[in-house]
Structure formats: C-alpha cells, structure tokens
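Hello,

Here is the structure I said I would pass on. My notes follow below it.

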Amino acid sequence: MAERDIPEDYLAGCAEILTSACTTGRRLVRDELEALRERGERAAEAGIGLRTLVHAHLTTAQAVHPQVPQADAGHLLAALTQAVDAFAEGHERAQRLAVRREEAARREFIDDLLYGRSDLGRLAERAERFGLLLAHAHAVAVAQGPEPYDDGYPVTRRIESSLLARFGDRRILLTTKDGRLICIAPSDEPDVLKYFAKQAYAATDGGRVAIGRAHPGVGGVVHSYEEALNALDLAARVNLDDPVLHAADLLVYPVLSRDRQAMTDLVRTVLGPLQHARGGAGPLLETLVAYFDTGCVAAVAARRLSLSVRAMTYRLDRIHKLTGADPSDPVHRYTLQTAVIGARLMGWPEEEAWGETG
C-alpha cells in the first residue's frame, strides 16, 4: 500500500505533535503517545503494514522539518523516534492479539474436530480455514515421545518445517493434543503420514507413532484419531516394540477383546495351569510371548530371553506338560497364541481382578 493510499485518520495530528514537541523542546506526553498507539492498533486491524506506516511517518517528519528552527532539528528526530515507537507498539500489540485469537480459534477447532463436537456442517466450514476438506477421506497419525509436546515446541516446528518443505500445501494439518503430535492428511496422500512418522520418530528421540485407517467425512477424522490412540494404548499394554504402528494391522486385538468374559475363560482355562509352576506363570508366559513373536523359532526366542536353547526347550516342554497344549503343534499353537494375546491384553496374571485359578 502506497503512502497516499493510507487513510488520513491514521496520520491525523502527527505533524502537529512533532511541531509542538520540537518548538518547545519537550518530549511527547502520555495522551499523545496513547493516541499514537491506538492509531497503530487500528492500522494493524485494517491490514496496513508497519513498514508502510513508518515510511508515512518519515514523510510527515520531512514535511515538518522546514518549519522547525535549525537548532531544534535534533528535537525533531527525538520526537519522531518516540512517535514511531508508540505507533509501532500499538501495531504490534494488535498483531499479537490477532495471533492469540487465531491460536485460540485453531485450538477450539482442533478440540471440536478430534472429539466430534459441534455442528458437522459448521465444523466442515471451519475446517477449510485451516486447510482441510472434510468431504474427503482423511487418516490421522499420532506420535508419542518421552515428553509432552505443544504447538510452539522446537520439535513441533522442526517436523512442520520438514513437512512443508517436502509436500508444500497439500491440505495437511499438523497440531498437538494432550502432549502428542498429530498429523491429519487426505487419504490420497499416504506418503505424508509415512514421512511424518519417520520425522516424528527421529525428532522425539525414538518415540512411537500410530497411524489410523482412512475414513470419509467429518466423523472420519475422529474415527481415525481414535484408532491411532487405541493402537498406542495397545502397544503399551502388550509390549509391541514396533516404532510405527498401523491400526489396520492390529484389528485382531479389538476383535479378541470384544467379548471379555469369553477371553477371560480362555486365558484361565488354557494358561491357568501355568500358575502351578515354580516361580508362577510369569516366566512361562514370557517364554510363550517370545516364542510366538519370533515365529516359533526356539533358538531365536532363546536369544531374546538370554537363555540357552536347552533351557528354552525345557520351558516349552514344561508348558506342554502343565497345559496339555504343545506350542510346536499347529493345532494347539493357535489356541495357545490366542490365549497369550488375551493375557497380554488383560494384564494376566498380574491384575488382581483375576484371582486364583481353580
């Protein structure tokens, strides 16, 4: 915006203030400074840039200069400095307030979006302001690290910069919620969430990332977000060590845990006899976990548990004798592995609610 395009009321009285201050050799008084600050705020709200406004004040000072005695030219510079400083203070104050309002609006939108609150039509309209088209399908990735993260943290800014440099403006939304990093991307941009997972894992010093499945519509974001959160919770409960989890790969777990009573009966019936072993069920359950996680290769499982192959074989034989199920038998293996998954999901045998097996 050129100086001549600036409305007169933003510069009104500036020449008089400078002239008065110079002729008397005084500093600007409180009312003059506050008036300049107020004009700075209004100029910022009108979208007039500070650089343009400073140039306009300099031009005003040049017009005043011939009217000022030569001996008072130094006072003109001092008065101009005060005037510009007050005007800039008001302009910056308005900018900070606008930023805070924008941040508050963005945070309110994120909360409504991820919790499925607010009118869906209104939510979709607000989403466009932040770069999302909720009529499309979206997937959500959630990263969790050793410490909580917020929008202004260096880790968040670093990941955001990497995403923008790599993908530009592709209707991606990066935010934080409850100390976790969250990335929302359209379903037709799968590379975005893969790249986010890679960057988040590195930036959070070995954190964990879960990616929900893509779902359509406004409610699809909530659904995908909840899937990612459930995947993180599941990983913690069953000690999954994969740095990146895909909800689509973990669908068996909610299926198995849906009927808790049936799963409880299975665990107690199949694994309950392990509680009669010396040292309790814990070591033998750990043996089964390692055995199944390594593809039922005893030698590899033994290394994972820091056991000799002979000790590993002894434990598997002990499990067979106590439960009547042979881990190496394909028919028995499925029952045992399902029971082990149930035990990990429910915290057996540590959870007090389990009680003793009959």
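Asp112 sits in helix H4, which covers residues 73-115; helices (H or I, at least four residues) and strands (E, at least two) are DSSP runs, numbered from the N terminus. This is a predicted model, in which local features need pLDDT of at least 70 and side-chain atom pairs count only at pLDDT 80 or more, while totals for chains, interfaces and linings use all residues. Residues are numbered from 1 along each chain as its sequence is written, and side-chain values use heavy atoms, with hydrogens and water left out.

Asp112 is buried, at a relative accessible area of 10% (buried means under 20%, with a 1.4 Å probe and protein chains only). Its side chain makes a polar contact of 3.1 Å with that of Arg126 (a pair of N or O atoms within 3.5 Å; within protein, one must be able to donate a hydrogen and the other to accept it, and residues adjacent in sequence count only if both atoms are side-chain atoms).

Thr175 belongs to strand S2, residues 173-177, and is buried with a relative accessible area of 0%. Its side chain has a polar contact with the Arg107 side chain at 3.4 Å. Beyond four places in sequence, Thr175 is in contact (heavy atoms within 4.5 Å) with residues including Ile110, Asp151 and Leu181.

Buried residues of H7 include Leu193, Tyr195 and Phe196. Among the elements covering its buried residues are S2 and helix H6 (154-167). Asp205, which follows H7, has a positive phi, near 60 degrees.

Regards

How values were computed. Buried < 20%, exposed > 50% of the residue type's maximum accessible area, 1.4 Å probe, protein only.
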